[in-house]
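Subject: Handover of a structure and its description

Dear colleague,

Please find below the structure that I am handing over to you. My notes on it follow directly after the display.

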Amino acid sequence: MRVTWDIFCSVVDNYGDIGVTWRLARQLAGEHDVTVRLWLDDLDAFTRLCPQADRQAVQQSQQGVEVRQWPRPWQPVEPADVVIEAFACELPAVYVAAMAARPQKVLWLNLEYLSAEGWVEGCHGLPSLQSNGLQKFFFFPGFTAGSGGLLRERDLLDQRRAFQADSLACEAFLQGLGVEPIAGARRVSLFAYENRGLASWLDALAAGLHVTQLLVPEGRILADLQVWLGCAALVAGDRQQRGQLHIQVLPFVEQEQYDRLLWSCDFNAVRGEDSFVRAQWAGRPLLWHIYWQDEGAHWDKLEAFLALYIVGLSPAASAALEGLWRAWNAGETMGASWHAVQQVWPELAEHAERWCLQQASQADLAAALVEFYLNWL
Ligand code: TRH
């Protein structure tokens, strides 16, 4: 009998919650020979990442995963062997009662948000006793050996390297998005939240020594881009040039295509959680726009990641990278820090690949979850 997994995802906002759970569900089903049901409360968000999905369907099969609309009120079903509540979304009370009543025991996991903070290792895998006698375990993704690791499909890096080594494949991919690669230009992708610092970065790119081809998927940053360009509402396909800077707006593409976009670029500005991890697997320097949290909690996360990431960089490269990331996240002027990054560009590029390899030497999150289940049995 195949082991069954239920993954519950309540979409808080944007695409990170759905992005992580959809990726995890596919990988578990595709690589671990288990049966996965993914319970979603927002099929509209899902269809952005998986355009072939039906936003009305109560139940559908997509890429080996049974995707279920999370019914409200809940309709009773037999609980799975392993139950993941993603990001502390609350499971239906009836479902939890069914878990407690199930003759075969159920592993209940809360998959937490990604953080590089030191306390994560101490909390990863800890149980918490619930009032009905069930235990719920906390599972923390992370960057160190004592955490649950990062989502990484088995052949991801091989695919990425093959793609990056094949300039024709890269060109064909970009052309498929309507992008004509500019010879000799630096390609940069931009996926970010609203950011007051954007204008100063664009100023620096427009006045830079290098030609930059900036590719911007449709999303929240477009409003700031429009203001800087002084143009009307931007849509996918629009192109503009200011000095050395060529800008093109791209459609929001499905997840695999977004990976390829990251692989095609020399530098990627990413945000949230999932695009942040994918940019690391691209093996190219990146700029992270972290998800803003109350009371500045996101700054601790940002600094914790930087502290890990800069290990092995020269003082000049560390300072340049830290300066850029802090300025971007504070919405401050980017010109000086972008200039500093130019001075250490080759070192940052080499380091990005090294960091990727180092992270890939750890077990991936899906494999770590499966192992956790086997050890728990
Ligand atoms: O969209 P995000 O900002 O999501 C989140 C959520 O806001 C969440 O509540 C918050 O807690 C978390 O961030 C930290 O950023 P993220 O995580 O990068 O998710 C974006 C997803 O969208 C990711 O799976 C990649 C995908 N994507 C595409 O599939 N195609 C695209 O064209 C683009 C730009 C992104």
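In which loop is the place of Phe87? Phe87 sits in the loop that runs between strand E5 and helix H3 (93-101). Please bear in mind that this and everything below refers to a predicted model. Phe87 has a positive phi of about 50°, although it is not a glycine. With a relative accessibility of 12%, below the 20% cut-off, Phe87 counts as buried.

Overall form

The protein chain contains 15 helices and 14 strands. Its radius of gyration is 21 Å, close to the 21 Å that the globule rule gives for 377 residues, so the chain is as compact as a globular protein of that length. Of the 377 residues in the protein chain, 55% are buried. Among contacts between residues at least 6 apart in sequence, 68% join residues at least 24 apart. The accessible surface comes to about 15900 Å², and carbon and sulfur atoms account for 54% of that surface. As for charge, the chain carries 28 positive and 45 negative side chains, and the centres of these two sets lie 2 Å apart.

Domains

The domain assignment gives domain 1 as 4-150 + 364-376 and domain 2 as 156-360. Taken over C-alpha atoms, the centres of domain 1 and domain 2 are separated by 29 Å. Contact between them involves 22 residues of domain 1 and 24 residues of domain 2.

Enclosed helices

In helix H7 (residues 198-206), seven of the nine residues are buried, so H7 is largely enclosed by the rest of the structure. The buried residues of H7 are Leu198, Ser200, Trp201, Leu202, Ala204, Leu205 and Ala206.

Helix H9 (residues 255-264) has seven buried residues out of 10, so H9 too is largely enclosed by the rest of the structure. Gln255, Tyr258, Asp259, Leu261, Leu262, Trp263 and Ser264 are the buried residues in H9.

For helix H10 (residues 274-281), eight of the eight residues are buried, so H10 is largely enclosed by the rest of the structure. The buried set in H10 includes the charged residues Asp274 and Arg278, together with Ser275, Phe276, Val277, Ala279, Gln280 and Trp281. Just after H10, Gly283 takes a positive phi of about 70°.

Backbone features

A cis peptide bond joins Arg72 and Pro73, with omega at about 0°. Pro73 belongs to the loop between strand E4 (65-69) and strand E5 (82-86).

Asp33 is a residue with a positive phi, of about 55°, although it is not a glycine. Asp33 is found in the loop between helix H1 (16-31) and strand E2 (35-40). Is Asp33 buried or exposed? Its relative accessibility is 52%, and the cut-off for exposed residues is over 50%, so Asp33 counts as exposed.

Individual positions

Gln213 has its place in strand E10 (residues 212-217). Gln213 is buried, with a relative accessible area of 4%. Which residues does Gln213 touch, not counting those up to four places away in sequence? The residues touched by Gln213 on that basis are Val179, Glu180, Pro181, Ile182, Ala185, Arg186, Arg187, Val188 and His246.

Ser131 lies in the loop between strand E7 (127-129) and strand E8 (135-139). Ser131 is exposed, with a relative accessible area of 85%. Along the chain, Ser131 and Leu205 are 74 residues apart, and their C-alpha atoms are separated by 57 Å. Leu205 is one of the buried residues of H7.

Ala101 is placed in helix H3. Ala101 is exposed, with a relative accessible area of 61%. Ala101 and Asn375 are 274 residues apart in sequence, and the distance between them is 22 Å, C-alpha to C-alpha.

With kind regards

Technical notes: Residues numbered from 1 in each chain as written. Predicted model: local features only at pLDDT ≥ 70, side-chain atom pairs only at ≥ 80, totals over all residues. Heavy atoms only, no water. Helix = DSSP H or I, 4+ residues; strand = E, 2+ residues; numbered from the N terminus. Rg over C-alpha atoms; globule rule 2.2 N^0.38 Å. Buried < 20%, exposed > 50% of the residue type's maximum accessible area, 1.4 Å probe, protein only. Contact = heavy atoms within 4.5 Å. Areas by Shrake-Rupley, 256 points an atom, 1.4 Å probe, with all protein chains shown as cover. Charge placed at Lys NZ, Arg CZ, Asp CG, Glu CD. Domains from an automatic or database assignment.
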